[in-house]
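Let's take a friendly walk through this structure. Have a look at the sequence and the model first, then read on.

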Amino acid sequence: MTTVDLADPPVTNPFTGTTGLPRTSEGWTQLVTPDGRLHPEVDADRDALGRLTRDLYRGMRLARRLDDEAFALQRQGELGLWLQCRGQEAAQVGSVAAVRADDYVFPSYREHAAALWRGIGPADLLRQWRGVAHSGWDPEPYAFHIYTLVLAAQLLHATGYALGVQRDGSDTVVVTYFGDGAASEGDASEAMNIAAVNAAPMVFFCQNNQWAISTPTASQTRTPIHRRGAGFGLRSEWVDGNDVLAVYAVTSAVTAHARSGNGPAIVEATTYRMGGHSTSDDPTRYRTDDELEAWRARDPLARVEALMRAEGWSDEAFLGEIQAEADELADRTRRECLALTAPDLADAFATVLADVPPLLREERDAFVDYRASFLD
Ligand SMILES: Cc1ncc(C[n+]2csc(CCOP(=O)(O)OP(=O)(O)O)c2C)c(N)n1
């Protein structure tokens, strides 16, 4: 039986090398204010921090462009459905950039910015939503599992994977993304409990984007989601999810903590879903313009732009390069989407079993003949 020492060793702040992460009076970690000012405790090498900030900004900007293009493609009838990640780019890019490329990610269904950062391209991201495949990509080369639409199921998949990694003696950490709504699923509690009991090398990363379709977080839980960590025995962190540097710092710290055998962590990143739940949703039915405006003022990209301006980390040339790259990505997204065609239905017979048995072959031939009997 494994026993777990619940006395939390302190985490190390990657920007200062000191233990502990700065907390604001609200109790969360925020390193950059919404108007772009850096926390005085961040005394990292400014050049290195500037380079990191530019990289993270590029990841967020590209993700937003892909997201916008996919939204337009859905409105033009080229995708059946799309779930926008607009507003959540800092939570996703800050966290995925903070872990190693071989740390295994189990996403939900809205993690386009994290997926793009890992190198998953537009065709793979869109094929499922165009309705031409059940899922998008081969997880192995990206260490990034396919999207999971059954809420919170990926927390169990991730926990199982992490227990396997632990038994292999590997130092991989497993990160799983989920929403505030998914946090209410029994699967989420079961996963956190079994992960904590076994000191699984994991980070449970909750993007609390304030809404689960039309259900606000306040109707979902009486206590903040990160506080549940204490009940399960997880390292718990609360971060401003629209502050990419804070998300990066917190995720780096808890990942190092988990990698060193100290057990799993939960991070609650407070953010906002700027779009509808999906392209089938009309959010004006349940939320106010004032709320939207308040969050627009906390836009994660605008915050980094203000920071880079204030610190002298960006100039017209840099912003122009990113704009050109984003436009190219949008063109590629459109091109690759339009080129995605439905598979031949007869392929269903070819891709289930390695050796097609006689009965199945007969059924396939009958299906092909039946289909050929139609004029068109
Ligand atoms: C087990 C299960 N129950 C219900 C649903 C229907 N459903 C899809 S998304 C969603 C809301 C999820 O909200 P949240 O977890 O906060 O994530 P978000 O969509 O806001 O990113 C619901 C209820 C589902 N997909 N799976």
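How much space lies in the largest cavity? About 40 Å³.

## Before we dig in

This is a predicted model, so local features need pLDDT of at least 70 and side-chain atom pairs count only at pLDDT 80 or more, while totals for chains, interfaces and linings use all residues. Residues are numbered from 1 along each chain as its sequence is written, and side-chain values use heavy atoms, with hydrogens and water left out.

## The cavity

Searching the whole structure turns up one cavity of 30 Å³ or more. A cavity here is a set of points, on a 1 Å grid over the protein atoms alone, where a 1.4 Å probe fits but cannot get out; lining residues have an atom within 4 Å of a point. Grid points are joined across faces, edges and corners, and the volume is the space filled by probe spheres set on the points.

The lining is made up of V32, N242, D243, V244, L245, P300, R303, V304 and L307. Two elements, α9 (244-262) and α11 (300-311), each give two or more residues to that lining, and α11 has the largest share, with four. (Helices are DSSP runs of H or I, at least four residues, and strands are runs of E, at least two, numbered from the N terminus.)

## Around the ligand

Now for the ligand: 15 residues surround it, and Y109, R110, L149, G181 and A182 are the closest.

A polar side-chain atom of Y109 sits 2.6 Å from a ligand oxygen, and an N or O atom in the side chain of R110 is 2.8 Å from a ligand oxygen. L149 instead uses a backbone N or O atom, 2.8 Å from a ligand nitrogen.

Note on methods
Near = heavy atom within 4 Å. Polar contact = N/O pair within 3.5 Å; in protein donor to acceptor, adjacent residues only side chain to side chain. 1 Å grid on protein atoms, 1.4 Å probe; cavity = no way out; pocket = protein on both sides within 12 Å on 5 of 7 lines; lining within 4 Å.
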